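Dear colleague,

Please find the structure below, with its sequence.

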Amino acid sequence: MPIKRRPFHKFYVLTAIFSLFQKSQPPEDATDTVDQSDEEESNYSRIRCPLCRWQPNAWSSWECGECDYPEYFFGGCGAEWNTFDTRGLCPGCGHQWRFTACLSCAGWSLHEDWYAKDGE
């Protein structure tokens, strides 16, 4: 009898593979000057997995791919980006991801639940 894999297994494997190829260079259009609002948006210290408390960094990346549970999105464009730079909005196809998978524990949580509330 074949082993039945959990629905997120394919996504987890792809995410793990893509994390090995993360880029450490800034984009070509990056500038040397950073204003206050950009600094706040790039601060990952207040972002953490609600399940295991893992914290992403600027080089963490996710892929826009087909997803059954819990997102039920079947038109993934294949774009790779840091989902917290856009609050879950895919830069390739414009899909607003409601859920985000943790690159550490592979659990899915509402994207907004990743952001620490005041006092946390």
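Which residues form one aromatic cluster? The cluster is made up of W54, W62, F84, W114 and Y115.

The model is predicted, so local features are reported at pLDDT of at least 70, side-chain atom pairs count only at pLDDT 80 or more, and totals for chains, interfaces and linings use all residues. Residues are numbered from 1 along each chain as its sequence is written, and side-chain values use heavy atoms, with hydrogens and water left out.

Overall architecture

The protein chain contains two helices and four strands, where helices (H or I, at least four residues) and strands (E, at least two) are DSSP runs numbered from the N terminus. Along the sequence these elements follow the pattern α-α-β-β-β-β. The protein chain has 120 residues, of which 32% count as buried; buried means under 20% relative accessible area, exposed over 50%, and partly exposed in between (1.4 Å probe, protein chains only). Its accessible surface comes to about 8400 Å², and carbon and sulfur atoms account for 53% of that. These areas come from the Shrake-Rupley method with a 1.4 Å probe, and for residues only the protein chains shown count as cover. Of the contacts between residues at least 6 apart in sequence, 51% join residues at least 24 apart, a contact being heavy atoms within 4.5 Å.

Nonpolar cores

The largest nonpolar core has ten residues: C64, C67, F73, A79, W81, C90, W97, F99, A101 and W108. A nonpolar core is here a set of buried Ala, Val, Leu, Ile, Met, Phe, Trp, Tyr and Cys residues joined through side-chain atoms within 4.5 Å. Leaving aside residues up to four places away in sequence, C64 touches F73, G76, C77, G78, A79, W81, C90, C93 and W97. Apart from this core lies another, of nine residues, among them C49, F84, C102 and Y115.

Aromatic pairs

A search of the whole structure finds seven aromatic pairs. Rings of Phe, Tyr and Trp (its six-membered ring) pair if their centres lie within 6.5 Å; planes under 30 degrees apart count as stacked, over 60 as edge-to-face and the rest as tilted. One of the pairs is F73 with W97, whose ring centres are 5.3 Å apart and whose planes stand at 80 degrees, so the pair is edge-to-face. Because F73 lies in the loop between β1 (62-63) and β2 (80-81), and W97 in the loop between β2 and β3 (99-101), this pair ties together parts that are 24 residues apart in sequence. F73 and W97 are both buried.

The rings of F84 and Y115 are also edge-to-face, because their centres are 5.7 Å apart and their planes at 80 degrees. F84 is in the loop between β2 and β3 and Y115 in the segment after β4 (108-110), so the pair ties together parts that are 31 residues apart in sequence. F84 counts as buried at 3% relative accessibility, and Y115 is buried at 12%.

Charged groups

The charged end of R87 sits over the ring of Y115, 3.9 Å from its centre; the rule asks for NZ of Lys or CZ of Arg within 6 Å of the ring centre and within 35 degrees of the ring normal. Side chains of opposite charge can pair when their charged atoms come close. A salt bridge is a side-chain nitrogen of Lys or Arg within 4 Å of a carboxyl oxygen of Asp or Glu, and the count by this rule comes to one. The side chains of R87 and E112 form a salt bridge, at 2.8 Å from N to O. R87 lies in the loop between β2 and β3 and E112 in the segment after β4, so this pair ties together parts that are 25 residues apart in sequence. R87 is partly exposed, with a relative accessible area of 42%, and E112 is partly exposed, at 41%.

Two buried loop residues

I47 is found in the loop between α2 (36-41) and β1 and is buried, with a relative accessible area of 4%. Not counting residues up to four places away in sequence, I47 touches W54, Q55, P56, F84, W114 and Y115.

T83 lies in the loop between β2 and β3 and is buried, with a relative accessible area of 3%. With residues up to four places away in sequence not counted, T83 touches W62, G88, T100 and H111.

With kind regards
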